[in-house]
Amino acid sequence: MSDQPPEIPVRTVRASIFERASVVWLVPMATLLVALGVAWQSYSDRGPVIEIAFSSAAGMSPGETVLRYRDVDVGLVEDVSFTDDLSQVLASVRLEKSIADFVDEGSKFWIVRPEVSARGVSGLDTVLSGIYIEGTWDSVPDGLAVRHAALSEPPLAAGDEQGLRIVLNASPGAALSEGAPILYKGIEVGRIGKPGLSEDGVNAQANAIIFEPYDRIVTSATRFWDTSGFTFSIGAGGAELDFTSLASLIGGGVTFETIVSGGRPAADGAQFGLFADEGRARASLFETSDETELNLTVVFRENFSGLVVGAPVELDGVRIGEVSSIRGLVDEDRFGDDGVRLLTTLALVPSRLSLDLSTFDDPLDYFVQRVDAGLRARLATATILTGGLKVEMIDVPDAPIELMDMAGDPYPILPSTQSEISDVSATAEGVFQRINALPIEELLVSAIAFLDAAENLVGAEDTRAVPGDVRGLIGDVRGLVSAPAMQGLPGEVSALVGELQGVAEDMRAVTAALDEADLVARLQGAIDAAAAAATGVETSVAGVPELVTSVTNLSDRAASIPLEDMIEQASATLASAEALFVSEDTQALPGALGTALGEVEAALRELREGGAVRSLNQTLASAETAAAAVETAVAGLPSLAARIEELVAQAEETLAGLDQNSDFSREARAALRDVSDAAKAFESLSRALERRPNSVILGR
Amino acid sequence: MERVGFTDPVLTARDAGLVGCRSCARAWPMGTEVCPNCGARVQSRSRRSLQRVWAWWLAGLICYVPANIYPMLETRTLVHTESATIVGGAVDLAAHGAYGIALIILVASVVIPVGKFVSIAFLALSVGRISRTSPEARHGVHEIVEYIGRWSMIDVFVVAILSSLVQLNAVAAIQPGPASLAFALSVIFTMLSAQAFDPRMIWDGIEDQKAGHL
């Protein structure tokens with residue numbers, strides 16, 4: 001009995017707790033648990049907030065604009081505010097917790113907007129839904145980074161897109177356009193990024209990516225070329241219009257080909273040239289290799305036009321590279337004056353030299369060694385026709401000691417020497433100077449003066465009078481010869497002879513044994529001499545008409561010679577001809593001849609008017625005087641003939657150089673022959689007159 | 001506060017040693033567990049009735065919190081997505097000039113549930129205590145609460161109908177928000193809470209009260 005009372009209240013109390021508690025209480029407890037669980041879960045699921053700085057928040061609205069990664073929403077813009085200095089817009093983005101650790105320092109963010117380009121439309125969904133922020137990051141969780149700066153444009157490749165990243169250097173004529181596709185056999189295998197200038201500012205370059213698995217195609221033997229635009233060619237096969245695709249026609253595109261096998265696989269960051277067309281790309285494989293170029297700078301003291309980018313660089317006649325850039329340079333501190341220097345950058349391909357790399361670790365060492373031995377760069381004429389220049393490296397044996405300037409910026413400086421270009425230009429200049437110095441104007445003046453003088457001579461009344469005078473002389477001589485007195489002269493002479501016979505008979509009778517035969521012999525000699533003289537005159541007179549004809553012909557031909565052609569005669573010939581014609585002797589000759597003939601005429605007239613020969617001695621004396629005058633006048637004839645001959649010789653010499661068949665040449669030759677004939681006639685006339693001056697008078 | 005017919009002392013079935021069947025209203029001797037007439041369970045008073053009331057009431061109250069915090073409707077159109085809570089939606093409607101609809105939503109979703117919470121709590125608290133409110137009035141309150149409770153589901157129905165009707169794929173779509181489930185649960189819980197309340201308890205001890213008063 002004593003045990004029970006303490007037990008009962010305990011049991012009752014315990015039982016009452018369970019008994020009184022309704023099962024329904026589980027419901028609010030469960031509800032509370034669920035509510036708390038949901039609350040805790042939503043709190044713990046909240047990711048961190050990052051801030052992304054944009055230059056502008058166009059179209060961004062808090063609570064709506066999302067952050068996407070691979071097109072999956074991973075965050076929401078909660079707030080849009082400014083940086084402290086209002087320079088940028090800060091978007092606070094609530095990230096999802098699961099990806100928060102991946103959003104590290106290397107993450108990139110950019111705004112995706114609708115974009116219409118030649119290559120198509122992108123981001124079209126954002127037209128209606130509004131913009132969103134695209135993010136990319138690598139697959140390594142490196143911890144959250146809170147502050148990020150957004151990119152102004154989408155990156156070349158999203159973070160997960162694997163591929164070969166290369167650098168394309170545009171050669172002249174090739175265009176790099178941002179976002180242009182890289183095609184390989186028509187398949188888009190890569191993309192070109194935003195073009196920019198290379199570090200040395202020499203050419204344009206752009207990053208490009210070749211996506212996997214196509215990156216294996218690219219080796220050191222791969223050549224890239226521009227396929228934008230189209231080519232139109234007309235050949236034997238007809239007209240051909242060639243373009244790769246409509247998109248690349250408008251937006252630009254690049255394709256490549258691994259032309260020969262055996263190249264080394266390209267590594268990230270490899271540099272490739274972008275050629276303007278396939279032909280050049282293929283040709284380049286055999287011109288240049290992708291070996292690392294050796295860049296040298298040469299400062300030329302002379303500044304010549306004619307050196308262009310791409311001009312060859314030759315070492316001992318072997319083309320080892322080309323000029324990659326040319327700049328003028330004024331540096332008073334360095335050169336001591338403020339003259340312009342030609343700063344030329346040479347891109348050399350040392351593999352052309354097949355250098356033994358066991359001897360030279362660096363191809364530059366080879367040049368350093370050669371420079372020590374006197375290697376110098378100079379400008380030389382590549383082609384005379386265009387005046388193009390090339391850079392030549394030659395050994396200058398006695399060059400002043402000068403070392404390679406290894407500290408040159410941006411490249412080592414190779415010393416230069418006097419350019420060869422000056423010699424060539426001097427030669428060409430000399431040729432032009434000599435052409436310039438030719439006295440064309442004086443030649444024309446001389447020719448005109450010569451022609452004037454010739455015209456004067458030919459047109460001079462004296463000259464014209466010569467034939468008349470000569471004819472008159474001949475007429476007079478004929479008249480004299482046929483004159484009754486002259487005809488009667490033999491009769492008178494025979495009468496005289498008869499008288500003389502009578503005298504002789506008287507003398508014979510008187511002097512008997514006087515040597516009458518001697519007188520007769522003398523007289524006979526005199527008569528013979530007179531007859532010979534008459535014959536000489538006849539001979540010489542026989543040539544006169546021929547001379548006249550020749551002179552007429554000459555003047556006709558001279559008149560018919562075109563003045564323009566005459567101008568082309570050599571000035572020396574003309575000058576001497578002019579000197580001949582303007583000489584006083586020549587000018588005086590016709591006058592003197594005329595005077596002489598006048599005298600002869602006068603003498604003959606006197607002889608004729610004198611009726612019968614008043615006195616043979618007087619006549620002969622008078623004739624002798626006349627003959628002497630003739631002789632004096634004619635004395636100039638040989639020299640005249642000689643000078644004419646000289647002129648002819650010179651003219652012939654000159655004409656010999658002219659075209660043998662030209663009309664002018666033929667005419668000139670004929671004229672000269674005539675002049676020559678005239679000279680000969682003059683000569684023979686003068687010779688005959690010299691020989692027998694009195695033959696003119698005697699008519700025989 | 002006193003009605004004429006009830007001025008006399010009331011004899012309840014419980015005091016008479018009887019128990020009434022709530023289904024067929026027949027009285028049986030105390031201790032009967034199953035109504036021999038209709039087969040329903042008969043109890044003189046629901047066991048732990050007040051506990052169940054309070055339990056459901058608490059569950060409903062807990063559910064009512066997220067029902068107001070989370071969005072009720074998610075309207076997704078081509079341009080953007082909009083989500084609205086109950087009060088926010090009503091305010092939006094009012095702002096757009098639809099005062100009538102805003103009032104209906106506000107009454108159905110805010111006034112009625114809150115009124116129910118208050119009413120049930122009042123009823124439960126007043127059981128077994130001396131109340132200034134007459135049992136008749138309290139019984140009336142219980143009747144109203146039981147009757148009107150289901151109308152709170154009007155908001156849930158609106159959401160259900162809208163989200164099933166407005167499904168135009170890309171152009172526009174309406175999705176029920178998480179609050180709709182919480183609100184529905186809250187309504188259900190409060191209805192259960194009201195149902196769990198045994199109105200006979202209102203009359204228990206009325207004799208004592210009357211005796212005390214009179």
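Student: How many helices and strands does chain B have?

Tutor: In this predicted model, chain B has eight helices and five strands. Along the sequence, these elements follow the pattern β-β-α-β-β-α-α-α-α-β-α-α-α.

Student: What makes helix 2 of chain B roughly antiparallel to helix 3 of chain B?

Tutor: Helix 2 (residues 86-95) and helix 3 (residues 99-126) of chain B pack at an angle of about 165°, with their axes 8 Å apart. Angles over 145 degrees count as roughly antiparallel. The angle therefore makes helix 2 of chain B roughly antiparallel to helix 3 of chain B. The crossing of helix 2 past helix 3 of chain B is left-handed.

Student: Which residues of helix 2 of chain B meet helix 3 of chain B, and by what criterion are they in contact?

Tutor: Two residues are in contact if their C-beta atoms, placed from the backbone, lie within 7 Å. From helix 2 of chain B come Ile86(B), Val87(B), Gly89(B), Ala90(B), Leu93(B) and Ala94(B). Their partners in helix 3 of chain B include Tyr99(B), Ile101(B), Ile105(B) and Val110(B). By class, this contact holds eleven nonpolar, two polar and no charged residues.

Student: How do helix 3 and helix 4 of chain B pack, and what is the handedness of their crossing?

Tutor: Helix 3 and helix 4 (residues 135-148) of chain B pack at about 145°, with their axes 10 Å apart. Helix 3 passes helix 4 of chain B in a left-handed crossing. Among the residues that meet are Lys116(B) and Leu123(B) in helix 3, and Arg138(B) and Val145(B) in helix 4. The residues of this contact divide into six nonpolar, three polar and two charged. Lys and Arg count as charged, so Lys116(B) and Arg138(B) belong to the charged class.

Student: What share of chain B counts as buried?

Tutor: Of the 214 residues of chain B, 28% count as buried. The cut-off for a buried residue is 20 or more other C-beta atoms within 10 Å of its own.

Student: Which residues of chain A does UniProt list as "transmembrane region"?

Tutor: The unreviewed UniProt entry lists residues 21-40 of chain A. In the model, this span is 75% helix and 0% strand, and its end C-alpha atoms lie 28 Å apart.

Conventions: Residues numbered from 1 in each chain as written. Chains lettered and ligands numbered in written order. Predicted model: local features only at pLDDT ≥ 70, side-chain atom pairs only at ≥ 80, totals over all residues. Axes fitted to C-alpha atoms, helices over the stretch in contact; angles between N-to-C directions. Helix = DSSP H or I, 4+ residues; strand = E, 2+ residues; numbered from the N terminus. Parallel < 35°, antiparallel > 145°, perpendicular 65-115°, else oblique. Left-handed = near helix turned anticlockwise from the far one by under 90°. UniProt positions renumbered as here; feature names shortened; annotations may be inferred. Buried ≥ 20, exposed ≤ 12 C-beta atoms within 10 Å, placed from the backbone.
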